[in-house]
Amino acid sequence: MARHWRAGAAGLAVLGLTLTACGGAKVGDSSEAGGSGSSGKCGTFNLAVNPWVGYEADAAVVAYVAEHDLKCKVTKKDLKEEIAWQGFGTGEVDTVLENWGHDDLKKKYITQQKTAVEAGSTGNKGIIGWYVPPWLAKAHPDIKDWKNLDKYAAKFKTSESGGKGQLLDGDPSYVTNDEALVKNLKLDFKVVYAGSETALIQAYRNAEKNKQWVIGYFYEPQWFLSEVPLVKVDLPAYKTGCDADPAKVACDYPVYDLDKIVSAKFARSGSPAYDLVKKFNWTNDDQNTVAKYIAVDKMTPDAAAKKWVEANRGKVDAWIK
Amino acid sequence: MTVAMEKPETSGEAQQPVPPPPAAPVRRISRSMVVGAILVVWLLAFALLRGRQTLSLAAADLTDLHRWLNDVNDSIGANRNSNPLFLYFFNEIRLVIDNLVTFVQDLISQPSGDRPVPQIGWLGVVGLAGYVSWAVANWRVALLAVAGFTFLGLQGLWQESMDTLALTLSAVLVALLFALPLGVWAGLSERANRIATPILDFMQTMPTFVYLAPLTLFFLIGGASATIATVIYAAPPALRITAHAIRSVPATTVEAADSLGATRRQSLLKVLLPMSKRTVVMGVNQTIMAALAMVTIAALIDAPGLGKTVVQALQSLDVGTAFNAGLAIVVMAIVLDRVTTAASGRAEAARRSGNPLLKWRRHLLVAGGAVAAVLVYLSHTYLWAAEFPGDGGTGSTIAKAADNVTTWAQDNLSGLTNGFRDVITNGLLNPFQTLLTDSPWWLVGAALIGIAVVLGGWRAGITTAVCVGLLVATGVWSDGMTTLASTVVATVLVMLLGMVFGVWMGRSALVDRLVRPTLDAAQVMPPFVYLVPFLALFGATRFTAIVAAIVYAAPVAIKIIADGVRTVPATTVEAATSTGCNTWQIITKVQLPMARSALTLATNQGLIYVLSMVVVGGLVGAGALGYDVVAGFSQGQLYGKGLAAGLAIVLLGVMFDRITQAAARRTTN
């Protein structure tokens, strides 16, 4: 028995030595293995990433610039809006890069808890509204006026809409007045909650391909519009204050000036990343370009950011001056 | 309410002295007639009272209870930095768990210290996985473990997989730390068991979405919160099964130990624990599976790993990438499942086989340990053994294939699927839902209580009455009824599938072996992955939600029914064959009736599993309770309503669990 054991051990030792001998590069040997060289000045930059591709594009570019030009250590955190804002107070989130209105959250975290402050506009204009697939707008151009929607209500009927036309809504975290709108405009429609953006996009994709009747909630800037250019339906024009009472809204959504929110602590920290966030500003087209790299061309966010930054060095330099 | 739990319980039931069954058939007929009568009365009353007192509530409307829950949530958030409970209690827990998670991550997944790679690289992890599997189980599963883990690397998902493994291991460790001692206690004390059961039910049926956001308030974003969320969901199976294992040690054995003068402590350590070891390991197995089921949900609060890949891919509807990551979760689940299952059976198998190699085992173990140590050392030191080589080409091939299959199915099947959807929706779902939502609430409540009393007896009736009362109190009664309608339709379809495939698998070992891996995969594949193709096929509808629920729940029902059919004594089947029964008659007259308790159990588990998919359904157009929960997770003002909707799901679950269990006890007695 003992002999076998000794033989086994010897064999092992030989095996071990052989493997060690043919080793190769050691961990820590080569400089390229390092990569995460962070300087003390910027430190860690906690960036919340809300779950839509447009936001991911913003985050990718800001993170790329912070990492490569400012030498920050960027930690991206994938979170929904509500939880990201909650993170301002607990110190786990420094920045939300693309905020869509959310007056409720602003009131709670900026005015009441004082854990967050505004950091200016991103330059993006957020448009929310009701959209139809392009084939439908082409076949029935008059559908672009809300007054004609009832005429077609029967066409929009589905198994879910209880005999009325279906107005499809998406992710519950997005800003919406649709139920009130249907009621106050006295439309023969029922709001059906798809429950996620994924479901909504898939519905439009099918509708365009199979020439189905779909009308629903959508928004710009959004990468999907570069795949299927949805057409917006005109609701009664927005006037300041017409959406003051959520129950009585009977007008279109305002154009949102998308803005950046940072934690109060981060704003006081004097981190160069804060200055970058504050100066970060670009157009809808810029965002769509990066979002398309990510969603359609399937590049990683980092590679997409690199491509855009290299092509737009001038814009980037203005942010980090 | 877990799979593994209920099964032994009913078999325990069967061990009781069976009373003579003279009047049983007569009684069953009268029982179904009473149920029929209740339904007829309900229909008549519905025709008269339709649309009155339906307690419906629009999507954005709230009740006082919902507003109060919002305020509680807000005040916790506002005071977290000054509250001593946070400073000295939650923060300490968070610190301990965070350290544990970070430690395991540094070990296998994340760059640690000034190293650009984790302490143990891929070669070391694969070596350790193989060695441990071999040591606790056998060489066959060790090979499976090595192959499985290598496959994760080939998929190009090594680091993500290790992050998931790190979180899962930490969560399972913490879960077992609590579950095993508490399980032993619940096994020894009837009172502890009675207190634990409803709490465990609550932990398992309360949708995770409901407590995910508050958890990040208590334990901050990241590893600790994700681990705790996983522990809440994954600990109950181990606790229940441990308790059951202790309780099912034969009383005579314990008495024998007592009569030999063993103290309470001795009889626990020397008799109860060793004798229940095998079952306890099955509990560990269930806990691991439950922990893996949480991977994608934990990703919503920034838990690193495969779940994140799935969730992110779906933002751009990238089914291929999501499928690849989902497949990695399935592979990991199958490896962990087979290893722990083999480990629970090893002791006996080894004893029985009397393998000559057994003598050598200790030496071989030492030698194997040395090999594993060498591999770990290599992977710590050399880059080639630390970072998985290659660029994950297998992964992109898999992703592309999945994309092609999805596109093909969407292009070619959608006409067919839409027809099917409309038949089920208009023929079954809509009428049933109208009946439930448009009847006055007290009428539905009375009918439910009546059916519970007839099927399950007075105690089930009282439980149902309490649940109905609380459902009304949650303020989401109408949404609850909508969800109930979809749930029942899904369960009916699950049972149909369960009977067809269960009988087929129960009758043929070959079919069983072929179908079972698919069932395993369907259970652990994150639903998010197959939702996109389903959305393309069926649109954002309640039916899509039903199909997703069926994919998740049918495997459980099929497995239980297959086991039930298999346990029908072969002699009985032979006797029936010799009297000239054909196959159809044997199935319908012998095998299914004799597997009746398995059928009831399958209904119970089918329903519970369908209910656990309600929230996922809310993401694809089911509306109602599922949507309420999702909305509560995403919007502060709707938080209270989401919590109430989560409670409503728990109440529906408890109600059906108690009714079907009581009914099962009646049919077996």
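Buried residues account for 52% of the 669 residues in chain B, where buried means that 20 or more other C-beta atoms, placed from the backbone, lie within 10 Å of a residue's own. This is a predicted model, in which local features need pLDDT of at least 70, side-chain atom pairs count only at pLDDT 80 or more, and totals for chains, interfaces and linings use all residues. Residues are numbered from 1 along each chain as its sequence is written, with chains lettered from A in the order in which they are written.

Staying with chain B, you'll find 30 helices and 0 strands, both taken as DSSP runs numbered from the N terminus (helices H or I, at least four residues; strands E, at least two). Chain B has a radius of gyration, taken over C-alpha atoms, of 26 Å, close to the 26 Å that the globule rule (2.2 Å times the number of residues to the power 0.38) gives for 669 residues, so it is as compact as a globular protein of that length. Its C-alpha atoms fill a box of roughly 80 × 65 × 60 Å along the principal axes.

Now for chain A: its secondary structure comes to 12 helices and 9 strands, and 46% of its 321 residues are buried.

So much for the chains; here is where they meet. The contact (C-beta atoms, placed from the backbone, within 7 Å) draws 57 residues from chain A and 60 residues from chain B. On the side of chain A that touches chain B, H7(A) gives the most, with 7 residues.

Definitions and conventions. Contact = placed C-beta atoms within 7 Å. Buried ≥ 20, exposed ≤ 12 C-beta atoms within 10 Å, placed from the backbone.
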